[in-house]
Amino acid sequence: MGWFLGLGIAGLVLLVLALIFDGVLEGIFDAPAGLDGLLSLPVIAGFVSMLGFTGALTLGATGLGTAAASGIGAVAGAGAGWATWRFSRALMSDRGADAPRGEDLVGSTGTVVTGIPADGYGEVLLYHGGRPTKFAARSSAPVARGAEVWVESTPSATSVVVRPVEH
């Protein structure tokens, strides 16, 4: 039983080391194409710790021999390794929406929060990436505070050129 508990503890230590030294030791094992991450440290750590702890539980609870406990532990370890691999692949392949760009603002509407003088700068509130964001705004004609505006262009990441919306 000591060997099984030692394997279980060694797997946990390996997992902690994999988390602390994130990616430093990842290049040691190279898997064939399509199986990327199958031999990663978290997968190996999951396999080894599950093999050890399941083997110890099987040996202590059932009284089966070491060979049976090793086999049951190996099956449980393979399941834990496979689940870790699938979970890490799901996390790594999660592709969110692209980050919003300034060009995405062209054609959107917003509200003036600081009046815009003719050929000067004021501020407008626009929804950028789903969040309200204030931008410096310029307009060829003066625009009063509270007016609705339409974005014509984005000369920089923090400024926009607007025109009043006529209803």
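Helices (H or I, at least four residues) and strands (E, at least two) are taken here as DSSP runs, numbered from the N terminus. The structure is a predicted model, in which local features need pLDDT of at least 70 and side-chain atom pairs count only at pLDDT 80 or more, while totals for chains, interfaces and linings use all residues. Residues are numbered from 1 along each chain as its sequence is written, and side-chain values use heavy atoms, with hydrogens and water left out.

Helix H2 covers residues 41-62 and includes Leu-41. With a relative accessibility of 9%, Leu-41 counts as buried (under 20% relative accessible area; exposed is over 50%, partly exposed in between, with a 1.4 Å probe and protein chains only).

Helix H1 spans residues 2-20 and holds Val-13, which counts as partly exposed because its relative accessibility is 45%. Val-13 also belongs to a nonpolar surface patch with Ile-9, Val-16, Leu-17, Ile-20 and Phe-21, and together these residues have about 540 Å² of accessible area.

Turning to the strands, pairing requires at least two bridges found by DSSP. Strand E4 (residues 148-156) pairs with strand E1 (residues 109-114) in the antiparallel sense over three bridges, and Thr-109 faces Trp-150 of E4. E4 is also joined to strand E5 (residues 159-164) by five bridges, again antiparallel. Here Ser-153 stands opposite Val-161 in E5, and two residues lie between E4 and E5 in the hairpin that they form.

Technical notes. Patch = residues over 30% accessible without salt bridge, like charges linked within 9 Å, V, L, I, M, F, W, Y side chains within 5 Å. Areas by Shrake-Rupley, 256 points an atom, 1.4 Å probe, with all protein chains shown as cover. Salt bridge = Lys/Arg side-chain N within 4 Å of Asp/Glu carboxyl O.
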